[in-house]
Amino acid sequence: MTHLKKWMLGATTAACALFATGSAQAVEIEYWQYFFEPRVKAMETLIENFEKANPDITVKMTHFPYADYRTKVAAAIPAGQGPDVVQLFYGWLNDYVNAQLIQPLPADVFPPAEIEAEFFPMVQAMKRRDQYMALPTAVRSLALFYNKRLFDKAGIDGPPKTLDELVETAKKLTQKDGAGNLSTVGITTGMNAQDHHWFREVLVRQFGGDPYTDNYRTVNYNTDAGKAALKFYSDLEFTHNVTAAGFMDEPQAAFKAGRAGMHIDGSFRIGALNKVRGLKWGVAELPAAADGTQSNYSSYWVNGITSKATDEKYDAAVKFMKYVTSDEAMQVWLDTVGELPAKPSAAMTEANAEHEVYGPFIKGLGYAKTTIFANESGQRQALMNMVARMRLEDQSAEDSLAQAASGEQKILDDYYN
Amino acid sequence: MGIYKRLTISQKQIVWAWGLLAIPIVFYVVVRFYPTANAILLSFQEWNLLGARNWAGLDNYAKLFSDPTFWKVFGNTFLYLILGTPASLLVAFVIAFHLDKVRFMHGTIRALYFLPFMTSAVAMAWVWRWFYQPVPIGVFNNTLATFGIPQIPFLNSTTYALPSILAPAIWAGLGFQVIIFMAGLRAIPQTYYEAARIDGVSAWETLTEITLPLLKPTIVFLVVFSSIGFLRIFDHVFNMTSNDPGGPLNSTKPLVLMIYETAFDSFDMGYAAAQTVVLFAVLLVVSLLQLRVMRDR
C-alpha cells in the first residue's frame, strides 16, 4: 500500500512539473475550432503572424471533426478544460453567456461604439448589455450559383435578376428523359440545405412580410406574405416541375455533378466547387422581388474568450482576439477560406466587391439579416416537414404553413420559457 | 505486506481471485452502472450540458408522453422489431437449413453469407442509399426506368422508406444468424433423423416435429438477440436519411435517433435521458417477455 502511495505521489509530481514547464517561460493559450482544411490553414497563418509580433505568446490550436465539435466544446468548457479562445457558431452564444462560460471583451480594447461603426450591423447580435461577448473574423451570405455550360446550351445570356426571371430561366434549363423523369433540374430544392434560410429571411421578406417579431421569439410567417413565399417556393417543384426534392441525393451534389442549372448556397461552398474539375460556374446576387426588394441571410462563427483564461492568459487571449478581428486577419481568411470579411472596411475594398466570385456575396452582406435560432436543426425540420407534407400527404399550402408556424413557435416557447 | 504473508494458501487464492475480478467490476461500475444511474437521475432534471442541472420532477416524462412525435417514433421502433425479427429469422433459417445440405463449395457460400455481417454498417447504408436514389443515379430506379416502369420513391415516401431501410439491416445481420442456426442444426443428433427415416416420417413432419423443437434454444437466443438489435436500430437509419434524419415526416425515425437528436441537436439532456430510460424499460420488458414465452415449461 505505502508503495502504491509513494508511486502515485511521484507520478503526480512528475506530471505537475511536466505541465508547469510549458507555461513558465512563455504564455501559451489554447485555441479550438472545428476541422475544415482551409480554416485550419488560415488559422495556422494567423497564429504564425501573431506569434511573430508577440514572441512571448504561443497559441496552440486544436481542431475536431465538425460532427463532434459542439459536444466536445460543451463538455470541455464547463469542466474548466480546453480552450482559452474558442470558435463558436453565433447561434450557440446565448447558452454560453447564460452559463457564464464566455467572458465579455474588455471595453477599453474593444469599445462597443467602435465595433458598431466598423463591423457589419448583424454582428450587433453579439452584444450583451454594454459589452461585446464575441466577434467574428468572417461572415457568410447566400448567393445564386449557376452552371455556365448549361446556360450557354439553353441560350440564356445571364443569371436571373428577379424571381419571375428565375422561374423562366429554370424552365429553360430543365431536362427530362424519355420516360418523363428529370435528368437535369433547373434549380435545386431542399429545405434541408440552405433553402430554409432563403425562405425565412429572403422570400418571406420579398413578398412583404417579416418572418419573426419580438427579436426572433415569435413566428410571423403564417401571413399572406408567408403564403405567397411558400407558393412561390413550392410551385417550383409541384407546378413548374423544374426541380425535385432528393434529386441526386442532395442539392449541392446535383450542382457539382453538372445536373442542376442553378443552386442557392452559401459562400462556404466556394472552396468545394473550386475543386470540381470541368464544372464552369458563376455566382450572382439572389434574385430580387418584382418591386426590387433584396434580402439575404448571413451567419457567422465568432471567437470568444472562455472563463478558463485568467491573468496573463487572459491578457494574451485579448491580444489574440484583437489580431484575429483585424482587417489583415480578415483578408487572410478571405484568401484562404473564401469566407467574407466581417468589416465593410475589409470587405468593400474595390478588389473584393467587384470580385467575380466574392462580389455577389459581399453585396449581399449589405442587406443581409441574421436569424437568431433557438434550435436551428429543429426549426429547419419544421420547414422541411412543411414542404414534405405538401409533397407526400397532399396537404394544402395554407394548412402546412400554419402547422409549420405553430410547430416552430413551440420550439421557441420551449427554449425561452 | 505483513498481513498477506500470514494468510493461508486458500485465503491468498481468494485475495488473488478478487484482485483479478476487481478489474472488470471496477470497469463495469465506472463505465456502465455509474452512467446508467446518472442517466436515470438526469431524466428528472433539466440540463443543457453547459449550465447547472436543475430538478424538473416528472416534467420530462410528462412532456414525452404528450409528444406526438414520441408516439410516432415509438410505433416505428416496434415496426422495425415486428417486421425485422420474424423476417430475418425466417430467411436465416431457410438459408441455413438448405446450406446445411449443400456440400458443393459449402465454405465459400457460407463465407459469402457472412460477409455483410463483417461490413461496416455505415458503408453499407451509404451504398444502399445510392441504390435507392431516383433517376439518374439510383440503380433500382434506373433499371425500372429502362423498362418504362414508373420510379419507386424508396426513401422519399412515408410508406416505402421504413421497409427500404429495414432490408439492408436484415441483410447485414443475416450472416450471423445463418451461422448460429447451422451450429444449432449440427447439434441435433443424427439418430433422431435415422429413426424418423426408418419410421417413414415425411420431410415436413421431420422438420416440425424434430428439427424445430430441438432448435428451440437457438431460436430463443436469436429472437432475443435480434429483437434487441432492431429495437436499437440507428446506424442504418441515420446514414440513409441524413438529409432528413428519420424522415420523411418522421416515418423512419427510431427511438435511438430521437434520443440522439434531443441530446446532440437540441442539447436537452434531461429530456433525452427520459427517452433513454423508456427505451431501457422497453428493452427489459421485451427481453423478459420473450425469455418467459419461449422458455421450456
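How is chain A divided into domains? Chain A splits into domain 1, which takes residues 21–140 + 299–369, and domain 2, which takes 142–297 + 371–416. Please keep in mind throughout that this is a predicted model.

Staying with those two domains, the C-alpha centres of domain 1 of chain A and domain 2 of chain A are 30 Å apart. Their contact draws 17 residues from domain 1 of chain A and 20 residues from domain 2 of chain A. On the domain 1 side, the elements giving two or more residues are α16 (358–365) and β16 (368–369) of chain A. Of these, α16(A) supplies the largest share of that side, with four residues. If you sort the residues on the domain 1 side by class, you get nine nonpolar, four polar and four charged.

Now a helix pair in chain A. Helix α2 (residues 37–53) of chain A packs with helix α13 (residues 327–337) of chain A at an angle of about 145 degrees, and the axes are 9 Å apart. The crossing of α2(A) and α13(A) is right-handed. From α2(A) you can pick out P38(A), R39(A), K41(A), A42(A), T45(A) and L46(A), and on the α13(A) side A329(A), V332(A), W333(A), T336(A) and V337(A). That contact holds seven nonpolar, two polar and two charged residues.

Let's move over to chain B. Here we have 14 helices and two strands. The C-alpha atoms of chain B occupy a box of roughly 70 × 65 × 35 Å along the principal axes. What radius of gyration does chain B have, beside that of a compact globule of 297 residues? Chain B comes out at 25 Å, whereas the globule would be near 19 Å.

The domain assignment for chain B gives domain 1 (4–42) and domain 2 (62–293). The C-alpha centres of these two domains of chain B lie 36 Å apart.

What does the record say? An unreviewed UniProt entry places "domain: ABC transmembrane type-1" at residues 74–290 of chain B. That span is 73% helix and 0% strand, and its end C-alpha atoms lie 19 Å apart. UniProt, again in an unreviewed entry, also lists "transmembrane region" at residues 14–34, 78–99, 111–131, 165–188, 214–234 and 271–291 of chain B. Let me show you two of them. Residues 14–34 of chain B are 100% helix and 0% strand, with end C-alpha atoms 26 Å apart. Residues 111–131 of chain B are 90% helix and 0% strand, and there the end C-alpha atoms lie 24 Å apart.

Chain B has a helix pair to show you too. Helix α4 (residues 68–99) of chain B and helix α11 (residues 216–231) of chain B pack at about 145 degrees, with axes 8 Å apart. Their crossing is right-handed. T77(B), Y80(B), L81(B), G84(B), T85(B), S88(B) and L89(B) of α4(B) meet L222(B), V223(B), S226(B), S227(B), F230(B) and L231(B) of α11(B). What is the class make-up of the contact of α4(B) with α11(B)? Seven residues are nonpolar, six are polar and none is charged.

Finally, let's bring the chains together. Chain B puts 23 residues into the contact and chain A puts in 28 residues. The chain B side of it has ten nonpolar, eleven polar and two charged residues.

Notes
Residues numbered from 1 in each chain as written. Chains lettered and ligands numbered in written order. Predicted model: local features only at pLDDT ≥ 70, side-chain atom pairs only at ≥ 80, totals over all residues. Axes fitted to C-alpha atoms, helices over the stretch in contact; angles between N-to-C directions. Left-handed = near helix turned anticlockwise from the far one by under 90°. Contact = placed C-beta atoms within 7 Å. Nonpolar A, V, L, I, M, F, W, Y, C, P; charged D, E, K, R; others polar. Domains from an automatic or database assignment. UniProt positions renumbered as here; feature names shortened; annotations may be inferred. Rg over C-alpha atoms; globule rule 2.2 N^0.38 Å.
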